[in-house]
Amino acid sequence: MAVLKANIREIVAEHGFAAPVHVTRPTMPPLADYFDLLAEVWPTGSISNGGALHQRLEERLGEYLGAGHVSLFGNGTSALIAALQSLDVAGGEVITTPFTFAATAHAIHFSGATPVFADVGVDSVNVDPDRIEACIGPKTKAILPVHLYGMPCDTGGIQAVADRHGLPVVYDAAHAFGVRVGGRSILLEGDLSVISFHATKPFSTVEGGAVVSRTSAAHDVMESLKNFGLSDGGEIVAPGVNGKMNELEAAFGLLQLDSIDEEIDLRRSLAMMYRSELEDVPGIACLPEPSGVDWNGAYFPVFVDADRFGMTRDELQGILERCNVFARSYFYPTCNRFPCYAQEPSANPGGLVNAERWSARVLCLPMYGMLEYGAVSAIAGIIRWLQTNG
Ligand SMILES: *Cc1c(COP(=O)(O)O)cnc(C)c1O
């Protein structure tokens, strides 16, 4: 390691935080407001199976997101599984990116299909349309790209590939809540989009998620698949999951919706601050704010070039940790490295060099609305100091 042990003690003593700074934390709604909503629910005894608050949140989300047909789920993973199930992918292959959270690949597995990994771009953390096309074969049933860190995929390029081969596209939009391109919701791209409302995402219902469908017919299928495959008439028509969001979660979401614009604005200004403080640090690369996009500040990844920075991503992460800053290597390793997928032909790291390179370098710095500007500046200061004194 380039930094001397004495230097590390010095930086920890001088710049370490007294209390831990985590990679993210949810902005909690006022507790009194939460009690008020629960007071509506309590006397009814109706706490799941699509109650009044579930209904209200579905409508308000549709308006907020500018995306018509929203089906609420108990989490993003079950929403992804149901979305893939609705496209009859079982027994076939689904093309996706290896540079994502495990849930993307696992959802393909649980829908009865095999994940096929296509590489991301040299300049983009998202899956490359040409690489998707190269992976298409007779067993391909669908394409599952991810808008990683809320950064929009090349949706035009992906749709062109999908159209040439008559394949449906499901976007894993777990990170893309509220993202708009040219003023239009990114959730309107492809056939279906899946959002996550987990506590670590910018908009949260504690645990939760949703499928955004293009048509009311597709929405009806999602409603059935999240409820054991029950039809409106009460008959089982498909092997569905239990994917329902409950009223306590919907209440939390309704209150989060009141502050989501402020949350996103705060995150974007914190990201601007990180960028301006880290921009010219040799060996540290940030993703630029995408142009023409209302980005949501879902994460703040930096990419560490060990040769130029003077230490590896893991070494930097370790020193930050000693300073009480808990940055995370989202997403390392890539999904093709997991033992459950590593034997797939498409999992060969030799064919996924871009994803492997991004993943080996990535470190997500703390990012949440309530993070103080002073903390961002101090974290950036530690990183700059290590580069200069390392
Ligand atoms: C969080 C996440 C999911 C899963 O969402 P849950 O609500 O936690 O089940 C899926 N894909 C990606 C890329 C995620 O980050």
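Colleague: How many of the 10 residues of helix H4 (residues 76-85) are buried?

Modeller: This is a predicted model, in which local features need pLDDT of at least 70 and side-chain atom pairs count only at pLDDT 80 or more, while totals for chains, interfaces and linings use all residues. Residues are numbered from 1 along each chain as its sequence is written, and side-chain values use heavy atoms, with hydrogens and water left out. Taking buried as under 20% relative accessible area with a 1.4 Å probe and protein chains only, the buried residues of H4 include Gly76, Leu80 and Leu84. Helix H4 is mostly covered, and the number of its buried residues is eight.

Colleague: How are H3 and H9 oriented to each other, roughly parallel or oblique?

Modeller: The axes, lines fitted to C-alpha atoms over the stretch in contact, with angles from 0 to 180 degrees between N-to-C directions, come within 7 Å for H3 (residues 52-65) and H9, and cross at roughly 25°. Since angles under 35 degrees count as roughly parallel, H3 and H9 are therefore roughly parallel.

Colleague: What is the orientation of H2 and H9 to each other?

Modeller: The axes of H2 (residues 31-41) and H9 (residues 247-278) come within 10 Å and cross at roughly 140°. Angles over 145 degrees count as roughly antiparallel, 65 to 115 as roughly perpendicular and the rest as oblique. The orientation of H2 and H9 is therefore oblique.

Key. Helix = DSSP H or I, 4+ residues; strand = E, 2+ residues; numbered from the N terminus. Buried < 20%, exposed > 50% of the residue type's maximum accessible area, 1.4 Å probe, protein only.
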